[in-house]
Amino acid sequence: MTGFCFDQGIRSVFVGGPFLNAVDPVTKEIDPGEKSRLSVLIDYFEGEGCRVHNAHRRESWGKDFLPPDKCTPLDYYEIGASDLFVAFPGSPPSPGTHVEVGWASALGKPMVLLLEQDRGHAPLIVGLPHVANVELVRYTHVDELVPRLREPIARVNDRSEERFSRNAE
């Protein structure tokens, strides 16, 4: 297997984003725009040969929500097992995604957070690069995301390797 992610040593990615509030409680259908944004990332990383962890797909895009005692440890474990965390924190903020961002930060995971251009975002998300290995990527259209992922992924991955090398000395 070759490709950008493979060359970066990235074998698994957790892809996160708004979920519960993006699903219509009556139809149990996820917002099509939300599904599209997430699918673009899932397809990209799988095309790169990565194992992708994603609660939305695991829970049938809202049709089969897992109970809290199942989804919480599963998400935490999958974030811990991932080489990279990529997420849409949401605007308005997604409480669940913000918890996942906190876990990824506390676990020292390299992160790329995707922020909608011209939308307000939580100060703790915008300020996170000051305390964690994270790149913020602002975007206008979902179709511009994939071409813009390589550089931020390389930067967080390089910083992660630098920290590992320093700690090994």
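1. A quick word on terms before the notes: "buried" here means under 20% relative accessible area. Also keep in mind that this is a predicted model. By that cut-off, Phe88 and Tyr139 are both buried.

2. On to the aromatics. Searching the whole structure turns up five aromatic pairs. One of them is Phe14 with Phe85: the ring centres are 5.7 Å apart and the planes sit at 10°, so this pair is stacked. Phe14 belongs to strand S1 (residues 12–16) and Phe85 to strand S3 (residues 84–87), so the contact ties together parts that are 71 residues apart in sequence. Phe14 has 1% relative accessibility and counts as buried; Phe85, also at 1%, counts as buried too.

3. Now back to Phe88 and Tyr139. Their ring centres lie 5.9 Å apart with the planes at 70°, so the pair is edge-to-face. Phe88 is in the loop between S3 and helix H5 (95–106), while Tyr139 is in strand S5 (residues 134–139), so parts 51 residues apart in sequence are tied together.

4. Two arginines are worth a look next to these rings. Arg37 places its charged end over the ring of Phe88, 4.1 Å from the ring centre. Arg11 does likewise with Phe6, its charged end sitting over that ring at 4.0 Å from the centre.

5. That S3–H5 loop has something else in it: Pro92 is found there, and the peptide bond joining Ser91 to Pro92 is cis, with omega at about 5°.

6. H5 gives the largest share of the lining, six residues. S1, helix H2 (32–47), helix H3 (55–58), helix H4 (68–81) and H5 each put in at least two. Sorted by class, the lining has 15 nonpolar, eleven polar and seven charged residues.

7. Lys28 has phi near 60°, a positive value in a residue other than glycine. Lys28 lies in the loop between S1 and H2 and, at 42% relative accessibility, counts as partly exposed. Asp118 is not a glycine either, yet has a positive phi of about 65°. Look for Asp118 in the loop between strand S4 (111–116) and helix H6 (123–126); at 73% relative accessibility, Asp118 counts as exposed.

Terms used. Residues numbered from 1 in each chain as written. Predicted model: local features only at pLDDT ≥ 70, side-chain atom pairs only at ≥ 80, totals over all residues. Heavy atoms only, no water. Phe/Tyr/Trp six-rings, centres within 6.5 Å; stacked < 30°, edge-to-face > 60°. Helix = DSSP H or I, 4+ residues; strand = E, 2+ residues; numbered from the N terminus. Buried < 20%, exposed > 50% of the residue type's maximum accessible area, 1.4 Å probe, protein only. Lys NZ or Arg CZ within 6 Å of the ring centre and 35° of its normal. Nonpolar A, V, L, I, M, F, W, Y, C, P; charged D, E, K, R; others polar.
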